[in-house]
Protein chains: 2
Amino acid sequence: MNRIDIAILGLGTVGQGVVKIIQGNQKQWNSRCGATINIKKVMVRSIERTREVELPDGVLTCKWDEIISDPDISTIVEVMGGIEPARTFILEAIRKGKNIVTANKDLLALHGQEIFEASKVAGVDLYFEASVAGGIPIIAPLKQSLAANNIKQVMGIINGTTNYILSKMSQEGMDYDEALQRAKELGYAEADPTADVGGFDAARKIAILASLAFHTRVRLQDIYVEGITNLTLEDINNAKELGYVIKLLGIAREEDRQIEGRVHPVLIPITHPLANVNDSFNAVFVYGDAVGETMFFGHGAGQMPTASAVTGDLLEVISNTINGYTGRLSCTCYEDKVIKSIGEITTKYYLRMHVLDRPGVLASIAGVFGNHGVSLASVLQKNGSPLGIAELVVITHMVKENDIQDALAVIKEMSITKSIENLIRVEGN
Amino acid sequence: MNRIDIAILGLGTVGQGVVKIIQGNQKQWNSRCGATINIKKVMVRSIERTREVELPDGVLTCKWDEIISDPDISTIVEVMGGIEPARTFILEAIRKGKNIVTANKDLLALHGQEIFEASKVAGVDLYFEASVAGGIPIIAPLKQSLAANNIKQVMGIINGTTNYILSKMSQEGMDYDEALQRAKELGYAEADPTADVGGFDAARKIAILASLAFHTRVRLQDIYVEGITNLTLEDINNAKELGYVIKLLGIAREEDRQIEGRVHPVLIPITHPLANVNDSFNAVFVYGDAVGETMFFGHGAGQMPTASAVTGDLLEVISNTINGYTGRLSCTCYEDKVIKSIGEITTKYYLRMHVLDRPGVLASIAGVFGNHGVSLASVLQKNGSPLGIAELVVITHMVKENDIQDALAVIKEMSITKSIENLIRVEGN
């Protein structure tokens, strides 16, 4: 009977989840992947800390050297997170011929190329299902089941914190601060929620998904990012009135070998499959030229969902290892497509602005739009305030981002304009 | 540069889709799977027929012998469908060491064990993603990404024809006959729609999914089947009033190492992810002990979605072949759990019946239910007709199927009972 020795780096929430799964199904591993799994070492910062799981004496260690120099350890599960020392450890392990399973989106989005190239040279496995959308299988389907497609679009709710906040605002009429507070109480948002609400977490994930989908290395700095902090209940209610829901989406699209990657709030039609994905759930919508529309839904974070993805990868790596077949599914970025700047993208826009409530104002604004090639699909003039200010809500037809920004720069300076309240992109129809 | 010779059995809708994908992406196969793909032979019934795709002279053949005896052909793509001669061809090819990609749910649901065992003995690949839910990746995720889970439930809309019919009835108030007629006009339903509307197509697919999910061979005859032909607009509207949608679901569930497999109409809450899957779309909802709820959505049929799944499998097999690594992912039915009969299942029930509209009737009926351990969650008494007949709509709490059937046998014979109109199971909350 085969036995595979592994090491786990990090015994936080996810690491403990992985240990629970491995220990809880010990009798079945041989049937499932052809070997028993032995957690030989777990690297932690403090051995003494109280944890949810128990491990035999001597398994916990603070010394990387005990792991890297152990030739029996063939696979490293990295669930410590962060850039360093994870990057150094992973690169060293790869060079020693050890296979890697990682949940580290930050590392892959920033240093993916270096790590993939190292794994290719060393001929080891590098699996990272848990790095995007937690427990939802999306990396493997893009690499395998959907491999016959030319993927045209990947669009996803890939941050549970912001989806929870937006769901509460939309469904219960909470304002942003109240919904954020609730998210913090439930442990969905961290004390400093910037990475989530600023869109940076989602940006890392869409960089990884775009790289896979378009076979081109898309780096974090290639992704345009806007968070949800400027969204108001007015926008959410206007959207509802117009038949849309507002979601924070990661969007990656290819057209004519040009790629766009962006994270920002989006109005999507209430009939779109992503529109009904609420609370902290994640979902990734993929459009392929053969398969058409497909969507993957589930828990994008949390101990056990993330551990499910990590351990699923681990079983693959173990199966590959005992069959002498590691290193096959390495980097799939064999192309080098052009990456567009945000100004070059084309989409529809929702615009909410305050203008003087007097005759001719709409005509003036529509005129500026017309001069910049921006054509309007719908205009909603909301009740004027007693102060003689009207709210104008406009949805455009397809237009280039640069063109609408140029038009807005002109409109902003007009005396009839009081304020541009919000500009939100419209997708999905 | 590697070249892999393949043969395709059948050049109908799906076969032509596979040829389109292979021909349309010829330059990319080497990057995607490590080899170019050469369609050496395609087996057809008539060489002369006009088709959407063009193949070089000599590729089309009516002779199986030209394929089976060609040692260069390492992989067979079976998209002819039906039991024979597909079964014989596949078994012969496996014994000759050829890998198989098949979309044939009928064959796998009926003869899966024989075919899996043969492929294991021969050490060849047997891939079948397209056999369930068309283009949606579900077989591979169950085998790989979700492999760390003990799957507790698989529940899916896995027949597009019936989902289209039920969507039209529910959303547009069409009656069953009208919706079926529309489905026929659109090519969603066949002239003889029995396999779809009778639930038999879905039964094949849930047998395959259950086998994978529970690591136990579940055969077609193990699945309880009811179709949608008895559903009326009354039931659909009652369901809506109570906060439910009616869908035809394939359900596979495990509890305490006992499996149930069934296909029948189901009331699911409108908030359930499956409730918003409309028209001819399919979706498979999976509950695993680690990942929790997850769902896979997309086109469950059609030329290109099905060809996407077939060709995705083919790329895997080719990659395995050039790496000398076929035969790893064979049968995963290493357990032999008990399969329950329908009488043993426990769920909730929606019951619609006609009774005499007079005092004490409800008490009598509730009394019979009570005697059989059936407890009621809600009772809706609809307006009595001028003829002194009332409609009673009841939803039960969890109850064993045998118990409610026993109660209904008694109620049916009571003089106050005019008719049992429908009994529909309630799931998903």
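Predicted model: local features only at pLDDT ≥ 70, side-chain atom pairs only at ≥ 80, totals over all residues.
Two strands are said to pair if DSSP finds at least two bridges between them. Helices (H or I, at least four residues) and strands (E, at least two) are themselves DSSP runs, numbered from the N terminus.

Residues are numbered from 1 along each chain as its sequence is written, chains are lettered from A and ligands numbered from 1 in the order in which they are written, and side-chain values use heavy atoms, with hydrogens and water left out.

I begin with strand 10 of chain B. In this strand, B:Arg262 is the bridge partner of B:Tyr224. That bridge belongs to the pairing with strand 8 (residues 224–225) of chain B, which runs parallel to strand 10 and is joined to it by two bridges.

With strand 9 (residues 244–255) of chain B, the pairing is antiparallel and extends over 12 bridges. Within strand 10, B:Val266 is the residue opposite B:Lys247. The two strands form a hairpin with two residues between them, and B:Asp256 in the turn has a positive phi of about 50 degrees. Strand 13 (residues 338–339) of chain B runs parallel to strand 10, with two bridges between them, and there B:Val338 stands opposite B:Gln258. Strand 18 (residues 417–426) of chain B is likewise parallel to strand 10 and joined to it by two bridges; B:Arg425 of strand 18 is the bridge partner of B:Val266.

I turn to the open sheets. In chain A, six strands form an open sheet in the order 3-2-1-4-5-6, with parallel pairing. Strand 3 (60–61) and strand 6 (126–127) of chain A each have a single partner strand, so one side of each is left without a neighbour in the sheet. Inside this sheet, strand 4 (residues 73–78) and strand 5 (residues 99–102) of chain A are paired in parallel over four bridges, with A:Thr75 opposite A:Asn99. Chain B has an open sheet of six strands in the order 3-2-1-4-5-6, again with parallel pairing.

Next, the backbone. Most residues other than glycine have a negative phi, and most peptide bonds are trans. A cis peptide bond joins A:Glu84 and A:Pro85, with omega about 5 degrees, and A:Pro85 lies in the loop between strand 4 and helix 4 (86–95) of chain A. In chain B, a cis peptide bond joins B:Glu84 and B:Pro85, where omega is about 5 degrees.

Is A:His215 buried or exposed? A:His215 is buried, at a relative accessible area of 13%. Its phi is positive, near 55 degrees, and its place is in the loop between helix 10 and strand 8 (224–225) of chain A. A:Asp279 also has a positive phi, about 55 degrees, but counts as partly exposed at 32% relative accessibility.

A:Pro141 lies in helix 6 (residues 139–143) of chain A and is buried, with a relative accessible area of 2%.

Finally, helix 12 of chain B. This helix (residues 303–322) has 20 residues and reaches 28 Å from its first C-alpha to its last, close to the 28 Å expected at 1.5 Å a residue; the expected span is 1.5 Å times one less than the number of residues. Of its 20 residues, 17 are buried. After helix 12 of chain B comes B:Gly324, whose phi is positive, near 65 degrees.

Key: Buried < 20%, exposed > 50% of the residue type's maximum accessible area, 1.4 Å probe, protein only.
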